[in-house]
Amino acid sequence: MSCLGGFRAITKEALDKLRAVPRGDRVPDYLDEMETVDVFDVDKSWDAMHRALTGSKLEFGNTPAPGCWVVLGGEVLRGGREGEEDYLVVCKSPEQVRQVDRFLRGMTEEAFRKLYFAIDPAAYNYPMDEEDFGYTWEYLSGSRPFWHSAAEKGLWVLFDVDQ
């Protein structure tokens, strides 16, 4: 089962500092201390969120955009190499953030329901039901003000999760 994930809106300067840190040190202790403009926790909903927005795939990648950029799409700053499986950090550019903002503002509960219930249950390996759908939709729709604010301010967004 997936672990706790969240979004962090940061400036280019904060991102440059993060990129200067060795990949192995880009872990919760460092990220919790770095300067952020805003944060939005998504608990364990990120797993279903990403699968729904990418056709059941729980993998890094930039397709189909812009839905993939909500969670695991973007620049992989940690997690894409052997030995980094314990903690993932993925960065979205200001342009990707703007596209995610527009995408999520247009996402209805009905449209997301179709995407969620199209997840391959064998790949998800977690009970897919109305309760899990509601939980996932609550976090996804609740993240809209975060994305909109980050887009308006031209910020970068990190998704990070401790596996």
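Helices (at least four residues) and strands (at least two) are DSSP runs, numbered from the N terminus.

**Figure 1. Overall fold of the predicted model.** The protein chain holds eight helices and five strands. Read from the N terminus, its elements follow the order β-α-α-β-α-β-β-α-α-α-α-α-β. The radius of gyration is 15 Å, close to the 15 Å that the globule rule gives for 163 residues, so the chain is as compact as a globular protein of that length. Along the principal axes, the C-alpha atoms fill a box of roughly 40 × 35 × 25 Å.

**Figure 2. The largest pocket and its centre.** The space in the largest pocket comes to about 210 Å³. Its lining counts 14 residues. Closest to the centre are Gly 5, Gly 6, Arg 8, Asp 41 and Asp 160.

**Figure 3. Elements that line the largest pocket.** At least two lining residues come from each of strand 1 (5-10), helix 2 (28-33), strand 2 (38-43) and strand 5 (156-162). Strand 1 gives the largest share, four residues. By class, seven lining residues are nonpolar, two are polar and five are charged.

**Figure 4. Packing of helix 4 against helix 8.** Helix 4 (residues 94-106) and helix 8 (residues 144-153) meet at an angle of about 140°. Their axes lie 8 Å apart. The crossing is left-handed.

**Figure 5. Residues in the contact of helix 4 with helix 8.** Helix 4 contributes Val 97, Arg 98, Val 100, Asp 101, Leu 104 and Arg 105. Helix 8 answers with Arg 144, Trp 147, His 148, Ala 150 and Ala 151. Six of the contact residues are nonpolar, one is polar and four are charged.

Definitions and conventions:
Residues numbered from 1 in each chain as written. Predicted model: local features only at pLDDT ≥ 70, side-chain atom pairs only at ≥ 80, totals over all residues. Heavy atoms only, no water. 1 Å grid on protein atoms, 1.4 Å probe; cavity = no way out; pocket = protein on both sides within 12 Å on 5 of 7 lines; lining within 4 Å. Points joined across faces, edges and corners; volume = space filled by probe spheres on them. Nonpolar A, V, L, I, M, F, W, Y, C, P; charged D, E, K, R; others polar. Axes fitted to C-alpha atoms, helices over the stretch in contact; angles between N-to-C directions. Left-handed = near helix turned anticlockwise from the far one by under 90°. Contact = heavy atoms within 4.5 Å. Rg over C-alpha atoms; globule rule 2.2 N^0.38 Å.
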